[in-house]
Amino acid sequence: MPSNRPLLRIFTQETIVLLMAVVLFAGFAVALDGFTAPANLLNIVRSVSVLGILAAGMGIVVIGRGIDLSMVSIMVVTVAIQLQLLQAGWSLWSATAIVAVITVGLGLMNGFMVAYAGVSALFATLASSAFVFGFVRSQILTQDVIYIPETAGSLLWLGKARLFDLPLDVIVFLAVVLIALVLLRWSRPGRFLYLMGDNFQAARTMGIPVRPLIVASFVASAVLAWLAGIASAVSLQSMNTRLVNSALLYDVVLVVVIGGIGLSGGKGGMRNVVVGALLIGILLNGMTILNLPNIHQNLIKALILLGAIILDGQLNPRDEQTSQQGDI
Amino acid sequence: MTSILQARALTKAFHGNVAVDAVDFDLHAGEVHALLGENGAGKSTFSKLLAGVYPPEGGEILYLGKPLQADGPAEMLRRGIAMVYQETSLVPSMTVAQNLFLGHEKAFNRLRGITIAAQQFLQSLNFTVDPTALVSSLGAAKRQMVEIARAVRLNAKVIIFDEPTATLTPEERRHFFSLINRLRSRGVAIIFITHALEEALQMSDRITVMRDGKRVLTENAGDLTQGRIVQAMVGRELETEFSPRSETRPAGKRVLSVEDVSMGTLVRNTSFSVFAGQVTGLFGLVGSGRTETAKIIAGVFKRDFLRGGAIAYEGRPVRYATPGPAVADGIVYVTEDRKLEGFFENMSIAENLYAGLLAAGLNRFPFVSIAEMKSLAEVWTDKLAIRSIGGEARVVELSGGNQQKVVIGKALIQKPRLIIFDEPTRGVDVGAVAEIHALIQRLADEGLAVVVISSYLPEILALSDRILVARQGRVVEEFSPTDASSEDIMYAAVH
């Protein structure tokens with residue numbers, strides 16, 4: 001067993017990915033002009049933050065041995081509705097309140113489908129993603145890109161606000177990671193989530209309320225998706241609904257898997273999200289400066305994802321029992 | 001009588017445990033041969049050796065007088081040895097005809113063509129199965145017919161059935177037996193594994209009993225009685241490891257009463273009571289519904305909504321939808337399959353034990369406390385003598401006995417008032433067996449209501465103050481361990 005050998009114990013996926021990020025950072029710093037300029041470093045952190053908030057939500061669901069493929073859809077839809085309401089003259093507070101209700105409702109819907117109707121998380125969220133976006137885009141929204149109206153001055157101000165010289169979306173990402181870290185580590189539901197992800201049947205038999213826990217994890221991921229949407233909207237002054245058709249969801253899964261939150265559940269945490277997001281952020285930024293076309297960027301990301309999954313299989317060998325229970 | 005299939009000193013071991021130990025066996029042409037034995041006696045392994053599912057480690061198989069190389073069930077089937085499993089190997093979404101010709105289709109396969117061929121073939125066997133029906137729409141007996149028809153179509157000369165009647169209704173069972181008779185009249189030799197003695201005596205020409213991987217008896221069915229078979233099944237020297245009890249504890253307060261509880265076909269109108277300060281042993285073979293009954297009590301399964309019977313715990317009626325509230329009320333179930341539903345394999349001993357405390361809501365602080373976890377682990381590894389290399393070891397790296405102690409510790413931490421042990425010493429090393437038995441006795445002395453489920457009779461006799469015997473989904477008889485013989489108990493379990 002690898003974990004019995006101290007030397008191998010150091011090389012967990014987390015440390016390997018961190019090492020890769022450092023090497024990549026050093027490589028880009030030497031090879032690319034202006035990579036280490038403060039403005040660009042800020043760019044990296046910023047590009048990571050929306051991705052990171054989404055990955056934190058995805059991480060929570062994956063730790064409980066689920067997956068939420070509706071996150072990008074929920075992020076786009078909730079913020080688009082919120083901006084649309086603002087344009088229609090609603091006050092910021094009432095629009096936010098109604099969207100909060102919608103967000104929690106979407107999370108509950110996903111959770112109930114998985115926990116009570118027994119649909120596999122993969123299909124339930126894939127379907128709800130298509131349904132929610134299709135319904136809202138066709139029935140409620142009139143255009144692809146919805147801008148923050150001039151009247152919502154406080155939202156526009158949030159986009160320019162700085163705390164300790166950091167833009168707000170970075171602050172939100174750090175806060176989310178910190179809160180999620182504390183809850184996962186030190187709260188009872190947090191610990192239950194790990195137990196459920198490790199062995200669902202054992203968790204249920206010993207009296208853990210597994211089904212409410214599944215619902216709660218999907219509500220958390222929906223709320224974080226909304227938060228990520230707001231962070232993205234205030235910095236771009238708009239919400240582009242075409243995001244649903246982009247590779248963003250793929251990047252979120254990439255961050256979670258590459259960071260070392262095993263898809264078989266019960267492993268990893270917020271540290272892995274941060275490490276994974278850093279690597280992907282550095283990579284994306286470097287590739288953008290290099291002016292690589294999108295297709296090549298996707299190719300490189302795919303290769304890295306494949307490599308990470310194979311490595312994960314080598315470092316955390318699944319035994320017969322786990323593979324029978326299915327890794328999603 | 002000519003032998004069609006013979007085994008000479010056939011041997012098979014799994015991880016050093018000998019499952020089949022130098023078994024000699026003769027199957028005559030055109031006979032029905034019943035194979036009997038307790039759970040774990042080696043019947044299934046032995047018949048799988050004959051069917052080529054496992055390669056033997058020693059000995060040889062002679063088929064039609066010639067040595068047979070076991071190279072997989074498909075090859076054996078081609079030669080004429082077929083095995084019919086309890087879970088049938090048919091494709092549910094295809095029709096009967098398609099299943100019959102599965103793997104033997106021509107390059108251009110006309111549905112009409114095979115349907116007609118299947119119809120003619122089924123008629124020649126006198127089987128009343130519609131060849132166009134989907135297999136998923138058939139009952140267990142008809143599925144078995146299709147499976148048998150497939151074996152016959154491939155010209156099987158030997159058919160082995162693994163507990164063919166276990167899932168059948170009495171009606172279907174009669175159909176099955178007439179089918180066996182028709183096969184016999186066609187000259188097919190049949191081996192069938194069963195737990196039902198009457199069936200074996202009624203149906204078969206000869207009977208073989210296995211015990212602990214060895215063949216202990218083979219005789220003509222006409223010369224045997226149920227009593228002799230039971231004796232052969234149980235007849236191990238009683239018992240090197242355990243001594244039966246000389247006196248029993250008196251019953252305390254009635255903690256649990258189960259009345260007329262049913263769940264589907266697995267548990268049927270079972271009734272019994274459990275008392276405080278006593279060990280209640282629940283004995284039964286696989287398929288007797290004992291685990292299911294225990295899981296209903298602990299809220300893991302739900303009993304039937306209509307006519308599901310009544311359960312009273314500490315005097316008030318209960319119906320748990322999930323295990324959570326049952327644990328909160330002090331009912332804890334210790335699983336028979338610890339890897340599947342007992343422990344968290346990626347976590348340490350301490351984390352596993354602490355999980356029990358958290359799940360029962362008995363933790364001192366509203367948040368997760370590493371200090372509390374460590375002190376809890378120290379107390380309980382000491383109390384249960386859990387041995388490991390360093391406290392950080394993951395549970396999956398421990399020995400079977402220590403894993404079981406972790407699972408038991410996790411249950412005891414939840415402060416149960418009724419604790420149910422399902423096969424508490426399965427896959428546990430000998431030293432730990434004695435420790436776990438001592439622990440169970442101590443719990444009863446402390447006044448807990450303890451239930452021990454086991455299919456190992458010596459264990460039941462050594463632990464219990466009362467013995468309940470389950471058969472076919474219900475508790476059928478009660479014995480006192482001081483004046484019941486193991487033959488009596490086994491007889492009640494298989495009768």
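Visitor: In this predicted model, which residues of β7(B) are buried on one side, and which on the other?

Guide: The model is a predicted one, and in it strand β7 of chain B, residues 158-162, is mostly covered, with five of its five residues buried. A residue is called buried here if 20 or more other C-beta atoms lie within 10 Å of its own. Both faces of β7(B) are covered, with V158(B), I160(B) and D162(B) on one side, and on the other I159(B) and F161(B).

Visitor: In which sense does β7(B) pair with β8(B), parallel or antiparallel, and over how many bridges?

Guide: Strands of a sheet pair through backbone hydrogen bonds, and the pairing may be either parallel or antiparallel. In β8(B), which covers residues 189-193, A189(B) stands opposite V158(B). The pairing of β7(B) with β8(B) is parallel, and it runs over five bridges.

Visitor: Which residue of β7(B) is the bridge partner of V84(B)?

Guide: Strand β6 of chain B, residues 81-84, pairs with β7(B) in the parallel sense over four bridges. Within β7(B), the bridge partner of V84(B) is F161(B).

Visitor: Which strands stand at the edges of the open sheet of four strands in chain B?

Guide: The order of the four strands in this open sheet is β12-β11-β14-β15 (chain B), and the pairing is antiparallel.

Visitor: At about what angle to β11(B) does helix α9(B) run?

Guide: Helix α9 of chain B, made of residues 290-297, lies across β11, β12 and β14 of chain B. Relative to β11(B), the helix runs at about 115 degrees.

Visitor: How many charged residues does the contact of α5(A) with α6(A) have?

Guide: The axes of α5(A), residues 92-115, and α6(A), residues 121-139, come within 9 Å and cross at roughly 145 degrees, and the crossing is right-handed. On the α5(A) side the contact includes L106(A) and M109(A), while on the α6(A) side A121(A) and A124(A) are among the residues they meet. By class, the contact has seven nonpolar residues, three polar ones and, as for charged residues, none.

Visitor: How many nonpolar residues are on the side of chain B that touches chain A?

Guide: Chain B has 26 residues in contact with 20 residues of chain A. The elements of chain B that give two or more residues to this side are α10, α11 and α12. Sorted by class, the side of chain B has six polar and five charged residues, and its nonpolar residues number 15.

Methods: Residues are numbered from 1 along each chain as its sequence is written. Chains are lettered from A and ligands numbered from 1 in the order in which they are written. This is a predicted model: local features need pLDDT of at least 70, side-chain atom pairs count only at pLDDT 80 or more; totals for chains, interfaces and linings use all residues. Two residues are in contact if their C-beta atoms, placed from the backbone, lie within 7 Å. Ala, Val, Leu, Ile, Met, Phe, Trp, Tyr, Cys and Pro count as nonpolar, Asp, Glu, Lys and Arg as charged, and the others, Gly among them, as polar. Two strands pair if DSSP finds at least two bridges between them. Axes are lines fitted to C-alpha atoms, for helices over the stretch in contact, and angles run from 0 to 180 degrees between N-to-C directions. A crossing is left-handed if the near helix is turned anticlockwise from the far one by less than a right angle, and right-handed if clockwise. A residue is buried if 20 or more other C-beta atoms lie within 10 Å of its own, exposed if 12 or fewer, and partly exposed in between; C-beta atoms are placed from the backbone.
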